Amino acid sequence: MAYTRKPYRRARMSSAPESADGATPARFTTLAELAGSFADRGDRPAIHALGEDLRTVSFGTLAEQIRRTAHGLAARGVGPGTMVLLWAPNSPEWVITYFAIVSAGATAIPFDQQGTADGAARIVEHASPVLIFTTAARAGELKKLVPTGP
C-alpha cells in the first residue's frame, strides 16, 4: 500500500486587515508597514505566550510597545543603515523588539536563541551592529569574546 500525503494547507490569520475598499486583503511592502497596521486591530489577540509566562498581548498593546521601543531606538541612533543583533529567547519582547528595529528603519539580525556566543561574536565582528538585544547571561558570554562590542 502506497502512502499518500495529504496536501499541506497554509494557515491564515483570521484577523488579516482589509484594504480601504474593505473587499480585498491589505498588502504591505515592508515589515514596518505591517507593524503600523497592528493598532487598527485593537484588542484582538496578537500573541499568545506559552511556557512559564502565560499571557496574551493584544494588537493594540503590541503596536504601542513597538512604537515606544522604535522611538527609544531612534533616540540611540538606530535607523537606516544601522544593524541591530537580536539574540534572545522567543517571547513577546522578541517580537516587539524585532518590529521596533525594522520600524526604526534599521536592519534586524535575528540570531538563533540556541546559537553559541562564538557564533554571535562572528556576527558582531562582520556586521558591526550598533546594539545587541540579548539576555544578561549571554551578554556576559559575548563580552568575554568581544570586549569592545556595542
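Start by selecting helix α4, residues 117–127, where A117, G119, A120, A121, I123 and V124 are buried. Buried means under 20% relative accessible area, exposed over 50%, and partly exposed in between, with a 1.4 Å probe and protein chains only. Helices (H or I, at least four residues) and strands (E, at least two) are DSSP runs numbered from the N terminus. The model is predicted: local features need pLDDT of at least 70, side-chain atom pairs count only at pLDDT 80 or more, and totals for chains, interfaces and linings use all residues. Residues are numbered from 1 along each chain as its sequence is written, and side-chain values use heavy atoms, with hydrogens and water left out.

**Around α4**

S128 has a positive phi of about 50° although it is not a glycine. Most residues other than glycine have a negative phi.

**The whole chain**

Zoom out. The chain holds five helices and five strands, and from the N terminus its elements run α-β-β-α-β-α-β-α-β-α. Of its 150 residues, 32% count as buried. Contact means heavy atoms within 4.5 Å. Among contacts between residues at least 6 apart in sequence, 62% join residues at least 24 apart.

**The three-stranded sheet**

Select β3, β4 and β5. They form an open sheet in the order β4-β3-β5, with parallel pairing. β4 (107–110) and β5 (131–134) are the edge strands, each with a single partner, so one side of each has no neighbour in the sheet. Neighbouring strands here are turned by 20° against each other on average, direction ignored. Axes are lines fitted to C-alpha atoms, for helices over the stretch in contact, and angles run from 0 to 180 degrees between N-to-C directions.

Two strands pair if DSSP finds at least two bridges between them. Strand β3 (residues 83–87) is joined to β4 by four bridges, and the two run parallel.

Within α3, pick T97. T97 is buried, with a relative accessible area of 9%. Leaving aside residues up to four places away in sequence, T97 touches L86 and F133.

**The aromatic cluster**

Show the side chains of F38, F59, W94, Y98 and F99, which form one aromatic cluster. Rings of Phe, Tyr and Trp (its six-membered ring) pair if their centres lie within 6.5 Å; planes under 30 degrees apart count as stacked, over 60 as edge-to-face and the rest as tilted. By this rule there are five aromatic pairs. F38 and F99 make an edge-to-face pair, 5.3 Å centre to centre with 80° between the planes. F38 lies in the loop between α1 (31–36) and β1 (45–49) and F99 in helix α3, so this pair ties together parts 61 residues apart in sequence. Both F38 and F99 are buried. Y98 and F99 are also edge-to-face, at 5.8 Å centre to centre and 85° between the planes.

Then select R41, whose charged end sits over the ring of F59, 4.7 Å from the ring centre. A charge sits over a ring if NZ of Lys or CZ of Arg is within 6 Å of the ring centre and within 35 degrees of the ring normal.

**Two nonpolar cores**

A nonpolar core is a set of buried Ala, Val, Leu, Ile, Met, Phe, Trp, Tyr and Cys residues joined through side-chain atoms within 4.5 Å. The largest core has 24 residues, of which F38, L62, I66, L73, V78, F99 and I101 touch the most other members. α2 (59–75), β3 and α3 each supply at least two residues of this core. Centre the view on F38: not counting residues up to four places away in sequence, it touches F59, G60, L62, A63, I66 and F99. A second, separate core of eleven residues includes L85, F111, A117 and L142.

**The hairpin**

Finish at β1 and strand β2 (residues 55–58), which pair in the antiparallel sense over four bridges. A49 stands opposite R55 in β2. The hairpin has five residues between its strands, and in it G51 takes a positive phi near 95°.
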